[in-house]
Each structure stands twice: as structure tokens, then as C-alpha cells.
Amino acid sequence: MSNGKIDLTTYSRLAKNSFWALISNISMVFILLLTIFASRVLGDAAFGQYIFLLAITTVLADLSVLGTTDYAGILVSRESHQTHEIVANSLGLRIPFIILFLIISEVIAWFSMPETLLVCFLLALDWVVRTIIHLFRAVLRARNVFAVDASVATIERLAVLFFAGGGLYFYGSLLSFAVGFLIGRLLGLTMCARAYVSLGERLYLAFDYSMCLKLLKGGIPIGIRGLFKIISFRIDVVM
């Protein structure tokens with residue numbers, strides 16, 4: 001409000017952001033319903049395998065990004081003129097860790113449930129894509145385009161619901177469920193990348209020593225705190 005008058009531009013932006021935030025939160029219910037549907041279709045054994053593999057890949061995926069996703073968003077909010085450098089180095093930095101994450105996930109699956117190797121690989125890839133999505137969304141929030149962030153998240157969840165749910169409905173297997181999840185996630189990644197480029201930024205990989213070191217110094221403490229929360233939650237789920 002300025003001089004007793006309402007700033008309609010600010011009001012419109014707040015209303016738009018609030019609307020999409022509400023829709024995004026509602027869309028989370030669809031993922032919950034999808035999980036319930038999966039438990040009914042897959043049965044105890046296959047759904048138990050899914051929960052076990054999900055717990056492994058979640059913990060390892062969070063280790064692979066070293067907290068750099070959240071810290072990249074913080075850096076962008078402080079130094080928006082370096083957005084493309086921050087994102088490029090965050091992507092470049094995680095490549096060797098992602099490769100290590102995929103290998104360790106497969107080794108664990110090989111020794112625990114060899115029949116789930118392909119499913120484990122697909123779920124691990126899904127988490128790789130998801131961590132990149134989180135990076136782009138952190139940047140969108142840091143650049144104050146909350147409506148775009150929320151709308152992209154909603155579309156991603158609906159895509160996952162459609163493809164993963166469709167795979168379950170037509171094939172009823174853990175493999176089709178994992179494939180559907182990955183397809184939906186890739187669609188979400190495409191939307192996030194387009195939203196990021198629409199900000200006038202460029203997509204590329206980089207590995208600048210000083211920037212990577214800054215990301216690690218700021219990200220590792222954040223990653224450790226988040227990891228403890230995830231481990232405790234996943235242990236509860238598996239138990």
C-alpha cells in the first residue's frame with residue numbers, strides 16, 4: 001500500500017504465488033494415494049522391496065549432493081548475477097559423486113536382493129534426476145518466481161502419478177512402477193530446465209575450483225543435518 005492505495009501488482013503477485021503454492025501442496029496428496037495404490041497392487045513382498053530400495057537410494061542420493069543444492073539456492077539469493085556459474089558448478093561438482101552413488105546402490109542391491117538390480121538402478125536414476133530438479137527449484141525460489149516453482153512441482157507430481165500409476169495399473173509390477181516414476185521425473189526435469197532458461201540463464205557444466213570449494217564449505221554442514229533427519233525417517237519406515 002502506498003499513499004493509502006493498494007499496489008495491485010504486488011497483490012496480484014501474492015495471489016498468484018499463494019494459489020500455486022496451494023495447488024502444489026494439494027498435489028502432494030496424489031503421491032500419497034499413489035503409494036497406497038502401489039502397496040495394494042504390488043503386495044507385501046514387492047512393496048517391501050520397493051521401500052528397502054527407496055531407503056537406500058534416498059540416503060545415498062543425499063550424500064551424493066553434499067548439501068550443495070540448498071546452499072546453491074542461498075548463494076543465488078545473495079549473488080544473483082552469478083546464478084549460471086553457481087548452478088553450472090553445482091552440477092559439475094556432483095557428477096563423480098553421482099557415479100559413485102549409482103555404483104554403491106547397485107552393489108548393495110546385488111548383495112541383498114539380486115533380482116532387483118534393474119529396479120534399484122531405475123530408482124537411483126530417479127533420485128539423480130530429482131536432486132537436479134531440486135537444484136533448479138531452489139534457484140527459482142531464490143529468484144522470487146514462486147508461482148513458476150510451484151506450478152513446475154505440480155506438473156512433475158501429476159506426471160509421476162500418471163506414468164507410475166499407469167504402469168502399476170496396466171502391468172502391476174515393481175519394474176513398471178519404477179519406469180513410470182523415472183519418466184514422470186524426467187518430464188519434471190524438462191519443465192524445470194525450461195523455467196530456469198526462461199530466467200535468461202544458460203545451461204552448462206563447470207568445475208571452477210574456488211566456486212566448488214565455496215559450495216562444499218557451505219553445503220556439507222547443511223547436508224549433514226538433513227542426512228540425519230532422513231536416516232531417522234527411513235529407518236522408521238523400513239522397520
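## Helices along the chain

Helices here are DSSP runs of type H or I with at least four residues, strands are E runs of at least two, and both are numbered from the N terminus. Phe47 and Tyr50 both belong to helix α1 (residues 8-65), where they sit 3 residues apart, about one turn of the helix. The model is a predicted one, in which local features need pLDDT of at least 70 and side-chain atom pairs count only at pLDDT 80 or more, whereas totals for chains, interfaces and linings use all residues. Residues are numbered from 1 along each chain as its sequence is written, and side-chain values use heavy atoms, with hydrogens and water left out.

The protein chain has 7 helices and 0 strands, and its elements, read from the N terminus, follow the order α-α-α-α-α-α-α.

## Burial, surface and contacts

Of the 239 residues in the protein chain, 46% count as buried, a word that stands for under 20% relative accessible area, while exposed stands for over 50% and partly exposed for values in between (1.4 Å probe, protein chains only). The chain exposes about 12,700 Å², and carbon and sulfur atoms supply 69% of this area; accessible areas come from the Shrake-Rupley method with a 1.4 Å probe, and for residues only the protein chains shown count as cover.

A contact means heavy atoms within 4.5 Å. Among the contacts in the protein chain between residues at least 6 apart in sequence, 84% join residues that are at least 24 apart.

## An aromatic cluster

A pair of aromatic rings is described by the distance of the centres and the angle of the planes. Rings of Phe, Tyr and Trp (its six-membered ring) pair if their centres lie within 6.5 Å, and planes under 30 degrees apart count as stacked, over 60 as edge-to-face and the rest as tilted. The structure holds 6 aromatic pairs. In one of them, the ring centres of Phe47 and Tyr50 are 5.8 Å apart with the planes at 40°, so this pair is tilted. Phe47 is buried at a relative accessible area of 17%, and Tyr50 is buried at 6%.

Tyr50 also pairs with Phe177, and because the ring centres are 5.2 Å apart and the planes stand at 70°, this pair is edge-to-face. Tyr50 lies in helix α1 and Phe177 in helix α6 (residues 174-197), so the pair ties together parts that are 127 residues apart in sequence. Phe177 is buried, with 2% relative accessibility, and Phe47, Tyr50, Phe177 and Phe181 form one aromatic cluster.

## The largest nonpolar core

A nonpolar core is a set of buried Ala, Val, Leu, Ile, Met, Phe, Trp, Tyr and Cys residues joined through side-chain atoms within 4.5 Å. The largest such core has 58 residues, of which Leu42, Tyr50, Phe101, Phe136, Phe177 and Leu215 touch the most other members. Two or more residues come from each of α1, α2 (68-78), α3 (83-112), α4, α5, α6 and α7 (209-238), and α4 gives the largest share, 15 residues. When neighbours within four places in sequence are left aside, Leu42 is in contact with Phe47, Leu168, Gly172, Ser173, Leu174 and Phe177.

## Two further residues

Thr154 is placed in helix α5 and counts as buried at 5% relative accessibility. Not counting residues up to four places away in sequence, Thr154 touches Trp20, Ile23, Ser24 and Ser27.

Asn144 belongs to the loop between α4 (117-142) and α5 (146-171), and Asn144 is exposed, with a relative accessible area of 52%. Most residues other than glycine have a negative phi. Asn144, although it is not a glycine, has a positive phi of about 65°.
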